[in-house]
Amino acid sequence: PECVRLLEDADIVVTNPPHSLLREYVALLMKYNKKFLIVGNINAVTYKEIFPLFMNNQMWMGLTIHSGDRKFYVPENYPLEAAGCGVDREGRKFIRVKGVRWFTNLEVKEMREFMILWRSYQQNPEDYPHYDNYDAIEVRKTDMIPADYDGVMGVPITFLDKYNPEQFKILGMSGSNFSDGIPECHMSGTSLNAQINGRNMYRRLFIRRISERVKPYSIIHHGKE
């Protein structure tokens, strides 16, 4: 109750909550309609309680942390057993944690920047295999999103680092309950995981391009535009 009273008085919440309690903490922030900037792990995007907030543009990634590898100071009695641990010049112990991001609902100007798309699906279809069980193509890296494909694409969850809701629409996510809806990406088979040649892929976000406001770079092939 004391923490809730403090929360009610807050204008903006900036903190590093326990990652194991991220679901509950975000739910509390949303319940009290608070602006926030909090630290979380990129994999939290896949939680059924968190993903809809990204999908409905109620929460997005903040800036400055895109590599995901960040240093966190720990108490003196903390055992330094994992790789990446150490002691800084001032003698403070630290550990490095991968997959770290800022989660926020504060306006981020860079979120409205359009990605320049220059890859070609038509010229390199072998780079974009079709899933066995979803009506979508695999895009293994965000910078490989093709400029000439209008269908549904599966992209890594790190796509959210560059996501612009004016350029793309998030339709759903593999591995989630299909009844929650991927309206434009029909599924077949029993596995909810996106599969290629029978091999399960890590969680993929299903997206579609929605805007042509920024013209893609011209694609040059064999000297012809």
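The loop between α2 and β2 holds N33, in a model that is predicted, where local features need pLDDT of at least 70, side-chain atom pairs count only at pLDDT 80 or more, and totals for chains, interfaces and linings use all residues. Residues are numbered from 1 along each chain as its sequence is written, and side-chain values use heavy atoms, with hydrogens and water left out. Helices and strands here are DSSP runs numbered from the N terminus, helices being H or I of at least four residues and strands E of at least two.

N33 follows α2 and has a positive phi, near 55 degrees, although N33 is not a glycine. With a relative accessibility of 71%, N33 counts as exposed; the term exposed means over 50% relative accessible area, buried means under 20%, and partly exposed lies in between, for a 1.4 Å probe and protein chains only. A second residue other than glycine, N197, also has a positive phi near 55 degrees. N197 lies in the loop between β11 and β12 (199–200), and N197 is exposed as well, at 74%.

In α2, the residues L22, V26 and L29 are buried. Seen down the axis of α2, its buried residues fall within an arc of 55 degrees, so they line one face of the helix; the arc is taken from the directions from the helix axis to the C-beta atoms. These buried residues of α2 pack against α1 (2–9), β1, β2, α3 and β7, where contact means heavy atoms within 4.5 Å.

The loop between β1 (12–15) and α2 (22–31) contains P18. P18 counts as partly exposed, at 48% relative accessibility. P18 and G40 are 22 residues apart in sequence, and their C-alpha atoms are 8.4 Å apart in space.

G40 leads us to strand β7. G40 stands opposite R101 in β7. Strand β2 (residues 35–41) and β7 run antiparallel and are joined by 5 bridges; two strands pair if DSSP finds at least two bridges between them. Strand β3 (residues 60–61) is also antiparallel to β7, with 2 bridges, and the bridge partner of M61 in β7 is F103. Why is β7 described as largely enclosed by the rest of the structure? Of the 5 residues of β7 (residues 100–104), 4 are buried, and therefore the strand is largely enclosed.

F103 also belongs to the largest nonpolar core. A nonpolar core is a set of buried Ala, Val, Leu, Ile, Met, Phe, Trp, Tyr and Cys residues joined through side-chain atoms within 4.5 Å. This core has 39 residues, of which F103, I145, F159 and L160 touch the most other members. At least two residues of the core come from each of α2, β2, α3 (51–55), β9 (153–155), β10 (168–173) and β13 (205–209). Leaving aside neighbours within four places in sequence, L160 is in contact with V45, F54, M61, I170 and L205. Another core, of 9 residues, lies apart from the largest one, and Y131, A136, V152 and F206 are among its members.

A separate topic is the open sheet of 3 strands, with antiparallel pairing in the order β4-β6-β5. Its edge strands are β4 (70–73) and β5 (86–87), each of which pairs on one side only. Between β5 and strand β6 (residues 93–97) there are 2 bridges, and G86 stands opposite F94 in β6.

How many salt bridges does the structure hold? There are 6 salt bridges, each being a side-chain nitrogen of Lys or Arg within 4 Å of a carboxyl oxygen of Asp or Glu. One of them joins R101 to D161, with the closest N and O atoms 2.9 Å apart. R101 lies in strand β7 and D161 in the loop between β9 and β10, so the pair ties together parts that are 60 residues apart in sequence. R101 is buried, at 4%, and D161 is buried, at 19%.

Another salt bridge joins the side chains of D150 and R209, at 2.6 Å from N to O. D150 lies in the loop between β8 (137–138) and β9, whereas R209 lies in strand β13, 59 residues apart. D150 counts as exposed, at 53%, while R209 is buried, at 10%.
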